[in-house]
Amino acid sequence: MVKTKEAVELIGRIKDLLWEKKAERVVALDLRAVSQSLDYFVVASATSTPHLQALERHLQEKLEEEGLRPRPTEGQSPRWVVLDYGEVVVHLMTPEAREYYDLEGFWADAERV
């Protein structure tokens, strides 16, 4: 399956921004072959709720400087933040939330990007 250039570039930029703030276990999944409605997920862990908020703020500020704003989402929590950039949806999670919801296990058949 061909990856869209813009989505792959955005995933790379998101990974770089998350690593700048020391996000842990940053993983990108290509869901197009295993889902009819989802394209890509980027999943990353924060060490704490303040770290989670710092990751969210850093990612949003830097991408807004580049003209990208996430779509509004519902159900944000202090343990899991979702930023929807269209083809690319970012999941920032505490380690406990990441282990509990196990997105990578749920989407185990997805290709890692």
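Me: What does the accessible surface of the protein chain come to, and how much of it belongs to carbon and sulfur atoms?
Reply: The model is a predicted one. In it, the accessible surface of the protein chain comes to about 6,600 Å². Carbon and sulfur atoms account for 48% of that surface.

Me: And how much of the chain is buried?
Reply: Buried residues are 42% of the 113 residues in the protein chain.

Me: Which helices and strands are we looking at, in number?
Reply: The protein chain has 4 helices and 5 strands. Along the sequence they come in the pattern α-β-β-α-β-β-α-α-β.

Me: What are the spans along the principal axes?
Reply: The C-alpha trace spans about 40 × 35 × 25 Å.

Me: What about contacts between residues at least 6 apart in sequence: how many of those join residues at least 24 apart?
Reply: Of those contacts, 61% join residues at least 24 apart.

Me: Changing topic. How many positive and negative side chains are there?
Reply: There are 15 positive and 21 negative side chains in the protein chain.

Me: Where do the centres of the two sets lie relative to each other?
Reply: The two centres lie 3 Å apart.

Me: Now the rings. How many aromatic pairs?
Reply: The count comes to 4 aromatic pairs. One of them is W80 with Y101, a tilted pair at 4.7 Å centre to centre, with 45° between the planes.

Me: Where do W80 and Y101 sit in the chain?
Reply: W80 is in strand β3 (residues 80-85), and Y101 is in helix α3 (residues 95-101). They are 21 residues apart, and the pair links distant parts of the chain.

Me: What sort of pair do F106 and W107 make, and why?
Reply: Their ring centres are 5.1 Å apart and their planes stand at 85°, so the pair is edge-to-face. Planes over 60 degrees apart count as edge-to-face.

Me: F106 first: buried or exposed?
Reply: F106 is exposed, at a relative accessible area of 62%.

Me: And W107, buried or exposed?
Reply: W107 is buried, because its relative accessible area is 15% and the cut-off for buried is under 20%.

Me: Which residues do ring pairs link into a cluster?
Reply: F41, F106 and W107 are linked into a cluster by ring pairs.

Technical notes:
Residues numbered from 1 in each chain as written. Predicted model: local features only at pLDDT ≥ 70, side-chain atom pairs only at ≥ 80, totals over all residues. Heavy atoms only, no water. Helix = DSSP H or I, 4+ residues; strand = E, 2+ residues; numbered from the N terminus. Buried < 20%, exposed > 50% of the residue type's maximum accessible area, 1.4 Å probe, protein only. Contact = heavy atoms within 4.5 Å. Areas by Shrake-Rupley, 256 points an atom, 1.4 Å probe, with all protein chains shown as cover. Lys, Arg positive; Asp, Glu negative; His and termini not counted. Charge placed at Lys NZ, Arg CZ, Asp CG, Glu CD. Phe/Tyr/Trp six-rings, centres within 6.5 Å; stacked < 30°, edge-to-face > 60°.
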